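Here are some notes for a first look. Please keep the viewer open while reading them.

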Amino acid sequence: FSFDLGSKSFINTSLHYTNGISARHNSGISFEYKTEDYLMNKDVDAMNNVFLNIYSNRFLNKKLLKTNFSFMQDAGIYWGGLTSFSPDSISKYNISNMSFGIKLSPSANTQLIQDVSFNIDYISNNYTRDEFIISSSIALNTEKALKSYSFHTRLDFIGVSVGDLSLYSAFPENAVSVLNYSSEFSDVLLKSDFIISGKNMFNYNLGVNFQYFPSDEIEYGGEPVIFPYMHLIKTFDNNDQIQIEINKELIYHSFKNTLDMCTYVDPYYRNSLSKAFNVNVLYNKRVGHNTSFVSNVYYLRKKGQLLPFLLSDFITNSTFSVSVLGNPLAIYSDTLQRGFGFSSSLSFSAEKIDILLQGDLQSIKSKNHDNKQFVPKVQLNSIITVHLTNNVNLISHWQFTGNRQALRSNNIGSFDYIELPSFINGNLSLNYNLGASIFSVDFKNILGQEIYFFDYYYDNDRFKISFGFSHK
């Protein structure tokens, strides 16, 4: 059980109960409730979130059966660029998500069938949009002559319907992300891979991926994507390790996926596809027993990258009612982004202190937008935990995010470019352990920075304090 109470009418309560300590044979339930008077903007934004999860893990005839049911509800308002309006006149979003999953896998890796799974997701919102996602998969594996042969296939069926498109009148007349294909559509995605694994001078996973989206109604659909897969791992005598991975993937962006990116996405967004080609080279080195270093160099080439944007001028809809006004983030699919990136991390652990330092340097640019970069060029992150006593810990978490470009529609069929500024987000947490209980005080955004997530959507709550309690 945990509870947080903050200086901005912030409440976060969670409860988790399980009937067993075994990770492979137990059942449980978890519940979480969050609410805040304002989340990203002190004048207009508000949020509340409810999450419920019920799970069970049971052995049946030497097989492990996992079942899971979850329910989530998210609510807020589409306030981007509308800070001059009263919060009561801004359109709200209310999103519900129910999911059920079942997975059966053997207790030993020697059986041919490694797992069979089935999942159902149902997402609905207050704009009469309903989305069903039904997924089934099977994984097979066998070993022969010191090699492992594995096959995995997954089939997704997605059905979407919108009961009343007229509710779009709450949004700008010049919005471009409306469901202009049909109020109903269904999609199918098949993904399969065959991999051969073994060990010679290095460990290897070699095979081929097959991905197919039959419909050509949306870009990158209608043609199968067949591409070789390679993952090589070389471990040296001193336990240093180098990995090389090459992969190409067809990615389906459902409404649920876009909500994971941002809850302010246009409720009438039409699901889309993208293609991503990746080359990764990773090096892992240990220095003694307390220090490890990881570095990663990668190349990314992606078609159909999703870019949220808003409009330069909010033109009210002809059927607009003053009681409902909203400005959600429309979605643009970028034709091609490509470039290199470098990331590294350093971790150190000792009796009195734990340190984690991370850094990312990216040069992923858009070919069709004058090499604009829509991801931060530089990101730095540090987490330092100081064990002041056996019961008291001080945790310092600092994050720097560099500037980046964003799109803004200029209402004449093209885009303008704006720059989202860099920011430093510093947080301190002091925890006191008393048996099975933990008391904490958190200082958030110590420097009082204004933090931009998307164009016109930002956090200007500045400095916040919360007090927490948890018990196991």
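**Notes on strands and rings**

1. Ile-226 is found in strand β12. Strands here are DSSP runs (E, at least two residues), numbered from the N terminus. The model is predicted: local features need pLDDT of at least 70, side-chain atom pairs count only at pLDDT 80 or more, and totals for chains, interfaces and linings use all residues. Residues are numbered from 1 along each chain as its sequence is written, and side-chain values use heavy atoms, with hydrogens and water left out.

2. Is Ile-226 buried or exposed? Ile-226 counts as exposed, because its relative accessibility is 55%. The cut-offs are under 20% relative accessible area for buried and over 50% for exposed, with partly exposed in between (1.4 Å probe, protein chains only).

3. Beyond its neighbours within four places in sequence, Ile-226 is in contact (heavy atoms within 4.5 Å) with Val-208, Asn-209 and Phe-210. Tyr-212 is 14 residues from Ile-226 in sequence, and their C-alpha atoms are 8.6 Å apart.

4. β12 (residues 225–235) pairs with β11 in the antiparallel sense over nine bridges. Two strands pair if DSSP finds at least two bridges between them. Leu-206 has Met-230 in β12 as its bridge partner.

5. β11 (residues 203–212) also pairs with β10 (residues 184–199), again antiparallel, over 10 bridges. Three residues separate β10 and β11, which form a hairpin. Gln-211 in β11 stands opposite Lys-191.

6. Now the rings. The whole structure holds 18 aromatic pairs. Rings of Phe, Tyr and Trp (its six-membered ring) pair if their centres lie within 6.5 Å; planes under 30 degrees apart count as stacked, over 60 as edge-to-face and the rest as tilted. Trp-79 and Tyr-458 are edge-to-face, because their planes stand at 80°, with ring centres 5.4 Å apart. Trp-79 lies in the loop between β5 (63–77) and β6 (92–106) and Tyr-458 in strand β27 (residues 457–459), so the pair ties together parts 379 residues apart in sequence. Both Trp-79 and Tyr-458 are buried.

7. Phe-443 and Phe-463 are stacked, 6.4 Å centre to centre with 10° between the planes. Phe-443 is in strand β25 (residues 437–444) and Phe-463 in the loop between β27 and β28 (464–471), 20 residues apart. Phe-443 is partly exposed at 30%, and Phe-463 is partly exposed at 35%.

8. Ring pairs also build a cluster, whose members include Tyr-78, Trp-79, Tyr-93 and Tyr-458.

How values were computed. Helices (H or I, at least four residues) and strands (E, at least two) are DSSP runs, numbered from the N terminus.
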